[in-house]
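Have the sequence and the 3D view open, and try each task before you read its solution.

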Amino acid sequence: MRYEFLVGLRYTRSRKRAQGRNRFISFISFVSMLGIALGVAALIVVLSVMNGFQEELRSRILGVASHVQVQSMDGGLYNWQQVAEDARRHPSVLATAPYVQEQGMLSFDEGVRGTIVRGVIPSEEDKVADFGAYMKAGSFDALQPGRFGIVLGRDLALALRVQLGDKVTLIAPQGLVTPAAVLPRVKQFEVVGVFEAGMYEYDSGLALVHVEDAQALYRLGDAVSGVRLKLADLFAAPRVARELAGLITEPGLMVNDWTRSHANFFRAVALEKTMMTLILFLIVAVAAFNIVSTLVMAVQEKYADIAILRTLGASPASIMTIFVLQGSIIGLVGLLAGVVGGLAIANNLDVVIPALETVTGATLWNKEIYYINELPSKVLPADVISIVSVSFVLTLLAALYPSWRASRVNPAEALRYE
C-alpha cells in the first residue's frame, strides 16, 4: 500500500480512539457522515416515490381514458365506423372503440350525485381500457342494449348507498320542451356492476352504460361523441395523433392524445420531482461541506505530523492525497449508509407508511388528495447512480480546499515550537 493511503486510513480510524479536541473532530466527522446519509436516503426515497407516482398515475389514467381519441368539432360523430376503420390502418393503432360521453345526475333514495356518463360497447371497450380487470362486483358484459344497465365507480356507489340490482335514476341535463315547462329527461337504470380503478376522480364520478342506451337517453340518434384508440406505444401518442390527423378522411374532426388531455397531472409531477431533487441535493451539499470544517480542524491538529512527513520527503501532492482520502472515506461511508437506508425504505413503503400512521395517528396518504389509493414506489438504477455520483463529487470538492491548505504547510514554521 502506498504510504499516502496508509496514513490517510490511519488518520480516519484514529477517530475511534480520540480524546479531548480530537473527540470533537470525531463528532463533526460523524455528523458529516450522518448528514450525507440522510440526504442521499431522502433523495432515493423521494425520487422513487415520484417515479412510482408518475407511472401509477399514468397507468391508472390510461386504464380508464385512452391513448388517443378522435372527436367531432360539431359535438356528434355520425360516421364513426369509417373513422375507426381509417384509424386502424395506422400500424401503431391496436384497437378502436366508440363512446358517448355526457354529464348527468344520479339519484337513489335521498342521495344525489353528479357524474360523467360514458356510453360504451363492452366488447370493444375492453380492447382500449381495463374496466374488465377493475370490476369489483357484477359484470362489465352485463351492459346490454335496451336493458338500461349501469356500472358505477366504487366511491360513487358507496356515496349513493346502492348495491347490485338497485334501480337508480339518471337525469340528463338536456330538457324536454313542453307547453307547460322544460322538463329534464329521466330514466331508471339497474346497477349491474361496480368497478374500482384506484383513482378517486374516476371511482367517484364515472358511470358506464351501453352506448345505445346513452344515445337513446341523450337523443343522439346514431351519433357518438368520438372514437377511442389504443396504441402499441403510449409514449408515441403525440406523433401518432399528428399522423392520424392527415390519415382520417372524415372532415371536421379533432384528434387529441393523452399527453394533452391530462397534461396538467404529468407536468405537475415532473415539476415537483425536479424541485424536490434540487432541494434535497442542497441538503446533501450542506452535509458534504461539513467535511470542510472537519478537515480544517484535522489539518490544524496534524500540523506537526505534516511537517515531519514533509521533512522525510513527502511531496505537497502526497500530503494533499492523504487528506483528500480522509474526506473521501467520510463521504463514502455516508453514501453507503444513505443508499442502503434509502433502498430499504423505498422498497418497503407499504410497511413504513402504515407504521408511521399508527405511531403518529395521522393520515399520511389520502386518496382524495393524491388521486390514487396507495403510495407507489419505483427505484430506477439511473437515479441511484446519478445521486451517488453527484454526492461523491460534492464530497471531493469539499475535501479539496483543506487538503490544499495541508499541502502548503511550511515544515519550519510548523516545528518551530515543537
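The exercises below cover salt bridges and a surface patch.

This is a predicted model, in which local features need pLDDT of at least 70 and side-chain atom pairs count only at pLDDT 80 or more, while totals for chains, interfaces and linings use all residues. Residues are numbered from 1 along each chain as its sequence is written, and side-chain values use heavy atoms, with hydrogens and water left out.

**Exercise 1.** Find the partner of arginine 228 in a salt bridge, and say where the two residues sit.

*Solution.* Start with the rule: a salt bridge is a side-chain nitrogen of Lys or Arg within 4 Å of a carboxyl oxygen of Asp or Glu. The count by this rule is 8 salt bridges. Arginine 228 pairs with glutamate 125, at 2.6 Å from N to O. This pair links distant parts of the chain, 103 residues apart: arginine 228 lies in strand β9 (residues 226–231) and glutamate 125 in helix α4. Helices (H or I, at least four residues) and strands (E, at least two) are DSSP runs, numbered from the N terminus.

**Exercise 2.** Are arginine 228 and glutamate 125 buried or exposed?

*Solution.* First, the cut-offs: buried means under 20% relative accessible area, exposed over 50%, and partly exposed in between (1.4 Å probe, protein chains only). Both arginine 228 and glutamate 125 are buried.

**Exercise 3.** How many residues apart are lysine 127 and glutamate 124 in helix α4?

*Solution.* Their side chains meet in a salt bridge of 3.9 Å, N to O. Lysine 127 and glutamate 124 are separated by about one helical turn because they are 3 residues apart in helix α4 (residues 122–128). Lysine 127 is partly exposed at 45% relative accessibility, and glutamate 124 is partly exposed at 26%.

**Exercise 4.** Which residues make the nonpolar surface patch of about 490 Å²?

*Solution.* Patches are made of residues with over 30% relative accessible area and no salt bridge; like charges are joined within 9 Å, and nonpolar side chains (Val, Leu, Ile, Met, Phe, Trp, Tyr) within 5 Å. Accessible areas come from the Shrake-Rupley method with a 1.4 Å probe, and for residues only the protein chains shown count as cover. The patch is made by Phe27, Phe30, Val31, Leu34 and Leu38. Now take one member: leucine 38 is in helix α2 (residues 21–64) and is exposed, with a relative accessible area of 55%.
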